[in-house]
Amino acid sequence: MSESTESTIWTKLVPPPDAAGQLLAREHLAGKFAGIGSKRLTLVCAPAGYGKTSVLVAAFAKLKAAGAEPGWISLDHDDNDLARFLAHWCSAARLEPLRASGGAAQAPRAPVRAPQRLLASEFVGRLQALERASYLFLDDYHLVSDSAIVAFVNELLHAPVDRLHLVIAARDAKTLNLARLRLNDQLQTIEAGELSLSAAETKALVARVGGIDASPAQIGRIREKTEGWAAGVQLAAIAMRGRQDAAQVLETFSGEHASVADYLADEVFRQQPAAVQDFLLATSILARFDISLAAAVSGRADAGDLLEKLERENLFVFSLDDERRWHRYHHLFSDFLRRKLREAQPDLEATLHERACTWFDARGHAVESIGHAFAAGQMLRAAQLLDHYSQRLIAGARTAELMSFTSRLPAWLLDQMPGALLDQAWHLIACWRFGEARVMLERVARIIAERSAFAASDEQREEVTFLGHKLAHRELILAVTRDDLALTRTLASAWLAADTVPDPVMRATASSIAAQAGRESYQYDGVAAAAATALRERFASGGGYFSLVYHECVCGAAFFARGEFAAAEQGYRRAQEMAVELHGEYSALSAFPAALSAELHYERNEPAQAAQLLRTHPMTAEFGLVDKLVAGFVTRSRLASLQGRLDEAGNALDDAAYFAAEYGFERLRAHVLNERVRLLIASGEAKAASRLLTQPGGPAHDAPIAPCAPQDGVTTVHELYAMAHARAWIANGRAGDAIALLRPWLVFCRGRHSVRSTIRLSMLLAAAYLRDGNRLAAQRTLVEALKAGERGPFIRAYLDENAEAAQALSGLGAVAAAQYPFDRLHLQAVLAAREGKAPAAAQPAVVAASGADTVREQMSGRELQIIRLAAQGLPNGDIASSMCLAESTVKWYWQRIFDKLDVRRRVDAVKQARERHWIR
């Protein structure tokens with residue numbers, strides 16, 4: 001089998017396919033299910049074996065026949081993770097947030113999971129936008145124990161989502177809050193009494209399962225013994241099948257037995273040949289199995305024949321797909337078999353788990369192989385597998401499993417898996433848990449030092465060397481995420497200079513981080529190279545899609561600073577699309593490009609678009625760089641200030657100051673200080689602005705901030721402090737000091753093509769000239785500012801820095817074009833924005849290079865990788881396995897590829913890709 005077992009998860013999203021043709025006609029329940037569309041919740045609640053699933057299947061089929069598109073999820077213990085639960089729901093119900101389609105499961109594919117609160121918020125938003133009734137069937141809901149899922153479902157039951165209708169089957173309803181639903185007539189229940197089989201239904205089931213034309217007396221005895229319990233009736237029918245003493249079978253069990261189910265199951269089990277018994281016991285440890293897995297675990301070459309016999313005789317085995325490839329046992333029968341295995345052959349269970357572990361490992365199935373290693377009691381092997389698969393678990397959005405597995409290992413074993421520890425450190429850094437990450441990295445450093453001292457062979461020395469480079473890479477990620485720019489530059493240069501690690505994602509990440517550090521140091525030379533297609537493809541080839549979101553944001557922000565809005569917007573768009581694919585539309589990850597896009601919209605004087613992005617993507621302390629917080633909080637503050645809501649503007653800066661203090665973000669602190677000074681001056685509190693800069697202990701900083709002249713090693717932080725002081729000096733009658741400070745900064749930023757900085761510094765310098773009485777110098781400076789920003793085109797940078805300089809812009813219309821040539825249309829757009837007229841129309845994103853392949857720009861890295869693998873002849877299953885995706889997800893990507901290329905076959909898509917020179 002080539003595809004991952006994750007590709008079988010879609011079987012959870014359809015009712016058992018072999019049940020529909022064998023369902024009993026439960027006419028007395030028809031009226032209940034006719035009312036599903038008028039209730040928020042229909043609850044089928046009864047103990048195990050009462051036929052809850054069969055009842056749901058029948059209702060599901062009727063809805064489909066009526067033209068509805070109901071969704072189905074068969075829940076199990078593995079679904080106790082909110083992100084996984086919602087991903088299945090989106091797929092089952094064909095909802096958009098996680099790009100579901102076709103009823104196939106698709107889990108979010110990212111190194112880390114989106115925060116639960118944002119996942120739930122995004123999901124509710126999608127449900128509220130439904131235009132038609134949505135029906136979702138949740139089978140075996142009692143297996144859900146995760147508190148986040150329980151809270152979410154209870155909240156959803158009472159949320160204003162009018163078109164949602166849930167049908168839940170569970171053994172109990174203890175986690176569901178039903179009182180208000182019952183009060184509002186939004187609940188209908190079907191309980192054990194209504195599910196008990198009537199005499200006619202009992203006779204029909206006995207005939208179907210046992211092939212017995214039972215007498216009325218026998219039917220009465222069966223109902224007396226089972227109380228109409230469907231599983232009991234089915235077990236009794238199997239036990240009676242082919243027996244001359246059928247009546248005696250019914251008489252030999254009674255309520256004196258501890259469990260009628262166990263008794264009947266034992267009767268069924270004892271009737272089977274030894275080969276079947278052995279097969280049943282061996283495969284009972286598997287949640288799902290196909291012939292290959294069953295053969296490997298049971299050790300029987302005739303596994304296929306035995307499985308066919310079990311199906312033919314209806315021995316509580318269910319097919320999970322239409323191809324009848326994957327199977328599972330009835331839960332009650334499976335429980336019985338596992339108990340029987342432990343009682344009869346207690347030493348065999350570990351051996352069976354070991355075989356399952358080997359089978360899954362040979363096929364690269366990380367979670368299953370590790371899980372069976374633990375079940376086999378092989379802690380060392382579990383640790384080795386975890387060390388081997390940790391990077392894949394990170395890339396495949398299985399962080400919860402990674403952390404859970406790790407927690408089950410003793411410290412001495414953890415020290416033998418430094419690779420997995422480094423992957424955990426990566427997760428901690430991404431979640432901004434810097435202290436824990438530092439402890440983890442120091443622990444790995446000690447392990448590497450010990451291994452280095454005892455490395456005797458070339459192989460051991462190579463392993464130590466690789467671990468050292470991986471540790472250095474994680475140190476680099478920690479430095480950039482903490483926004484330690486000086487350390488980031490040093491570590492990035494050293495790591496790239498070593499050039500010894502073949503991993504494409506690690507190298508691409510280091511190149512991207514170097515570009516980030518360079519941008520904040522006014523070194524833009526590497527931005528074009530960093531944004532090139534080749535580097536993006538390096539991320540994609542290694543499955544580093546999460547890192548690619550960061551990379552696109554880093555490059556986009558650099559283009560924005562340089563005034564190249566089209567390139568910035570393209571980068572943000574690509575990052576947003578990828579973030580939505582990974583975590584969802586309103587996740588913390590998608591908040592990163594959303595905040596940067598909001599900043600760009602605000603700069604173009606599109607406040608409504610900016611406000612909408614910030615409203616739907618709140619700032620959180622995770623998944624992103626400081627750029628996200630700067631763009632989000634400063635834009636939020638300026639939007640409020642633009643509307644005269646100065647208290648709200650100050651609150652946004654208070655929130656930003658909290659993050660700056662909590663995580664030690666000096667750059668965010670500098671932005672907060674600069675904005676506070678600007679707001680104080682705009683409010684007429686110039687003296688207070690000066691005090692904020694010179695007196696320690698204020699809300700923005702703990703010590704006086706001194707401005708400095710630009711020189712080697714300065715960063716945007718120094719520029720912000722210079723601007724803050726210049727503002728205060730201009731407002732407090734020290735225009736000469738402001739001019740002396742601003743002029744060298746303007747020359748410095750202009751020489752490094754930092755367009756946004758050039759405009760903002762120019763506006764402040766023009767204001768200083770005006771206060772100093774040098775109107776001609778002010779005019780020249782304003783014109784130079786306009787010429788610098790017309791390419792963007794920048795708008796708000798001219799209006800927000802200083803009110804007096806912004807006012808002076810209106811006088812430039814009379815300046816002779818020959819004397820000061822500049823774009824008059826750009827000036828008109830700025831003045832229109834100043835006068836509060838309609839915002840300028842958004843500039844369409846264009847491809848910078850003439851003749852560029854616009855379709856290529858629309859293709860994501862993951863789509864191109866799928867085309868490349870298809871060109872190598874790989875089927876969808878193998879593509880899914882190699883990319884850690886579900887096969888259904890690959891099929892969804894093909895649909896997107898077909899739409900973009902206007903084709904309908906894989907071969908045509910590959911042909912176009914070759915003709916466009918995307919692949920060879």
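Reader: At roughly what angle do the axes of helix α23 (residues 434–454) and helix α24 (residues 458–481) cross, and within what distance do they come?

Author: They cross at roughly 160° and come within 10 Å. Axes are lines fitted to C-alpha atoms, for helices over the stretch in contact, and angles run from 0 to 180 degrees between N-to-C directions. This is a predicted model, in which local features need pLDDT of at least 70 and side-chain atom pairs count only at pLDDT 80 or more, while totals for chains, interfaces and linings use all residues. Residues are numbered from 1 along each chain as its sequence is written, and side-chain values use heavy atoms, with hydrogens and water left out.

Reader: Why are α23 and α24 called roughly antiparallel?

Author: Angles over 145 degrees count as roughly antiparallel, under 35 as roughly parallel, 65 to 115 as roughly perpendicular and the rest as oblique. The angle here is roughly 160°. α23 and α24 are therefore roughly antiparallel. Their crossing is left-handed: the near helix is turned anticlockwise from the far one by less than a right angle, whereas clockwise would be right-handed.

Reader: Which residues make the contact of α23 with α24?

Author: Contact means heavy atoms within 4.5 Å. From α23 come residues including Phe-434, Leu-441, Ile-448 and Phe-454. From α24 come residues including Val-464, Leu-467, Leu-471 and Leu-478. By class, the contact has ten nonpolar, four polar and five charged residues. Nonpolar covers Ala, Val, Leu, Ile, Met, Phe, Trp, Tyr, Cys and Pro; charged covers Asp, Glu, Lys and Arg; the others, Gly among them, are polar.

Reader: What makes α37 roughly antiparallel to α38?

Author: Helix α37 (residues 716–731) and helix α38 (residues 735–751) pack at about 150°, with axes 9 Å apart. That angle makes the pair roughly antiparallel. The crossing is left-handed. Among the residues that meet are Ala-722, Ala-726 and Trp-729 in α37 and Leu-741, Leu-742 and Trp-745 in α38. Ten residues of this contact are nonpolar, two polar and two charged.

Reader: And why are α17 and α18 called roughly antiparallel to each other?

Author: Helix α17 (residues 348–362) packs against helix α18 (residues 366–375) at about 160°, with axes 8 Å apart. The two are therefore roughly antiparallel. This crossing is left-handed. His-353, Ala-356, Cys-357, Phe-360 and Asp-361 in α17 meet Glu-368, Ser-369, His-372, Ala-373 and Ala-375 in α18. Five of the contact residues are nonpolar, three polar and two charged.

Reader: What counts as a helix or strand, and how many has the protein?

Author: Helices (H or I, at least four residues) and strands (E, at least two) are DSSP runs, numbered from the N terminus. The protein has 48 helices and seven strands.

Reader: Why does Lys-309 count as buried?

Author: Buried means under 20% relative accessible area, exposed over 50%, and partly exposed in between (1.4 Å probe, protein chains only). Lys-309 has 18% relative accessibility, so the residue counts as buried. Lys-309 sits in helix α15 (residues 303–312). Beyond neighbours within four places in sequence, Lys-309 contacts Gln-272, Pro-273 and Val-276.

Reader: Why does Leu-166 count as buried?

Author: Leu-166 has 1% relative accessibility, so Leu-166 counts as buried. Strand β4 (residues 164–170) holds Leu-166. The C-alpha atoms of Leu-166 and Leu-43 are separated by 8.2 Å, though the two are 123 residues apart along the chain.

Reader: What makes a set of residues a nonpolar core, and how many residues has the largest?

Author: A nonpolar core is a set of buried Ala, Val, Leu, Ile, Met, Phe, Trp, Tyr and Cys residues joined through side-chain atoms within 4.5 Å. The largest has 149 residues, and Leu-668, Trp-745, Tyr-798 and Leu-809 have the most contacts inside it. Helix α29 (residues 545–561) gives this core its largest share, 13 residues. Another core, of 38 residues, lies apart from it and includes Trp-89 and Leu-130.
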